[in-house]
Amino acid sequence: MPANDKKIKLNVIFVCTGNTCRSPMAEFLFKDYLKQKNRTGDFSVSSAGLEAAKGDVMTAQADEALNVLGIKHNHERKARVFTVQMSLDSDLIIGMTREHAIRCYSDNAISFADITGRPVADPYGMSVQVYLECAAQIRSAFDEILKIADERLMKKRVLNRV
């Protein structure tokens with residue numbers, strides 16, 4: 001692999017509705033997963049919400065669930081609204097549901113339902129235990145997400161050599 005290939009990263013973004021529960025949990029969980037796999041240098045990972053209220057913070061339950069799981073995260077991170085520019089800049093968009101993926105208006109968008117056969121239900125307003133179950137469902141897709149991401153990363157690197 002040419003040395004400059006290491007500089008080419010795949011931009012991955014997780015998308016949900018408000019960017020206060022599922023997608024930020026997915027972002028931090030996937031970053032931790034990539035760290036364990038020694039793959040952080042290959043990916044740029046973020047999250048956003050289709051109907052996010054700018055400035056909202058992660059729910060207390062999402063924060064607590066990540067703490068229980070020992071996942072390093074910024075509990076004060078602000079919700080981001082998914083934009084057309086994010087859609088254009090992302091190599092892989094992962095919606096929590098098929099509707100989320102469709103609303104991203106991108107050929108690069110897929111959903112957890114496409115990957116695992118079931119969407120990630122919104123835990124908003126539920127207990128920490130429900131958030132932990134949500135996190136487990138999200139994590140269960142990471143091996144498959146990494147396979148998809150690696151295929152796209154390889155193509156991106158090949159195209160950049162031309």
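Just after helix H1, Asn38 takes a positive phi of about 60 degrees. The model is predicted, so local features need pLDDT of at least 70 and side-chain atom pairs count only at pLDDT 80 or more, while totals for chains, interfaces and linings use all residues. Residues are numbered from 1 along each chain as its sequence is written, and side-chain values use heavy atoms, with hydrogens and water left out. Helices (H or I, at least four residues) and strands (E, at least two) are DSSP runs, numbered from the N terminus.

**The sheet**

- Four strands form an open sheet in the order E2-E1-E3-E4, with parallel pairing; two strands pair if DSSP finds at least two bridges between them.
- Strand E2 (43-49) and strand E4 (109-111) stand at the edges with a single partner strand each, so one side of each has no neighbour in the sheet.
- From one strand to the next, the twist averages 25 degrees; axes are lines fitted to C-alpha atoms, for helices over the stretch in contact, and angles run from 0 to 180 degrees between N-to-C directions.

**Strand pairs**

- E1 and E2 run parallel and are joined by seven bridges. Within this pair, Leu10 has Phe43 of E2 as its bridge partner, and Cys16 stands opposite Gly49 in E2.
- Four bridges link E1 with E3 in the parallel sense, and Ile13 has Ile93 of E3 as its bridge partner.
- Strand E3 (residues 92-95) pairs with E4 over three bridges, also in the parallel sense. Ile94 has Ile110 of E4 as its bridge partner.

**Burial of the strands**

- Six of the seven residues of E1 are buried, so this strand is largely enclosed by the rest of the structure. Buried means under 20% relative accessible area, exposed over 50%, and partly exposed in between (1.4 Å probe, protein chains only).
- In E2, five of the seven residues are buried, so E2 too is largely enclosed by the rest of the structure.

**Helix H1**

- E1, H1 and E2 make a right-handed β-α-β unit; a crossover is right-handed if, with the strands pointing away from the viewer, the path from the first strand over the helix to the second runs clockwise.
- The end C-alpha atoms of H1 are 21 Å apart, which agrees with the 21 Å that its 15 residues should span at 1.5 Å a residue. The expected span is 1.5 Å times one less than the number of residues in the helix.
- H1 is mostly covered, with twelve of its 15 residues buried; among them are Met25, Phe28, Leu29, Tyr33 and Leu34.
- The buried residues of H1 pack against E1, E2, helix H2 (60-68), H4, helix H6 (128-139) and H7, where contact means heavy atoms within 4.5 Å.

**Helix H7**

- Helix H7 (residues 142-161) lies across E1, E2, E3 and E4 and runs at about 140 degrees to E1.

**Ser106**

- Ser106 is placed in the loop between helix H4 (98-103) and E4.
- Its side chain reaches the backbone nitrogen of Asn108 at 2.9 Å.
- Leaving aside neighbours within four places in sequence, Ser106 is in contact with Ser87 and Ile93.

Conventions. A polar contact is a pair of N or O atoms within 3.5 Å; within protein, one must be able to donate a hydrogen and the other to accept it, and residues adjacent in sequence count only if both atoms are side-chain atoms.
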